[in-house]
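Welcome! Please take a look at the model below, and then let's walk through a few of its packing details together.

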Amino acid sequence: MQISSRFTLAVHIFACIDVFQDEYKVTSDFLAGSTNVNPVIVRKILGQLKAAGLVEVARGSGGASICKPLNEISFLDIYNAVACIENGELFHFHENPNADCPVGKNIHVVLDDKLMRVQKAMEDELSSITMEDIMRDTKKLI
């Protein structure tokens, strides 16, 4: 299982906006040059981040800007904005386990709580990292 690359692309987009916002119009084409992905994909991610209230995108070629202080944008905020998880559940349980099988009829009872604990641990860790942390590390390297 792998988390969609949209998450890391979104973090990359935030970093570019923060670094370049005072020098350039940070457009989807500009961001596509840094991320090396199609501008259409960048626009889709920007749209998701905008819907979550994390970025503002000026119409036309006005560029993108960050709506909140970096220390108020956690990895969990970004993950929730761009991840494709159904009903807020990281793990999708296979449909209709065999109720006539002793394992199948009990698998939910055995796994549900454990999977929720794993998801909560991941969400807690994602909450502890902010874009401010990323930018502090990024600016040391550029």
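## Around Thr-35

Thr-35 touches Leu-9, His-12, Ile-13 and Val-42, leaving aside residues up to four places away in sequence; a contact here means heavy atoms within 4.5 Å. This is a predicted model, where local features need pLDDT of at least 70, side-chain atom pairs count only at pLDDT 80 or more, and totals for chains, interfaces and linings use all residues. Residues are numbered from 1 along each chain as its sequence is written, and side-chain values use heavy atoms, with hydrogens and water left out.

Thr-35 belongs to helix H2 (residues 28–35), helices being DSSP runs of H or I with at least four residues, numbered from the N terminus. With a relative accessible area of 12%, Thr-35 is buried (under 20% relative accessible area, 1.4 Å probe, protein chains only).

## H1 against H4

The axes of helix H1 (residues 5–20) and helix H4 (residues 75–82) come within 9 Å and cross at roughly 120°. Axes are lines fitted to C-alpha atoms over the stretch in contact, with angles from 0 to 180 degrees between N-to-C directions. On the H1 side, the contact is made by Arg-6, Phe-7, Ala-10, Val-11 and Phe-14; H4 brings Phe-75, Ile-78, Tyr-79 and Val-82.

## How H4 is enclosed

Of the 8 residues of H4, 6 are buried, so H4 is largely enclosed by the rest of the structure. The buried ones are Phe-75, Leu-76, Ile-78, Tyr-79, Ala-81 and Val-82. They pack against H1, helix H3 (39–51), helix H5 (107–127) and helix H6 (131–141).

Technical notes: Helix = DSSP H or I, 4+ residues; strand = E, 2+ residues; numbered from the N terminus. Buried < 20%, exposed > 50% of the residue type's maximum accessible area, 1.4 Å probe, protein only.
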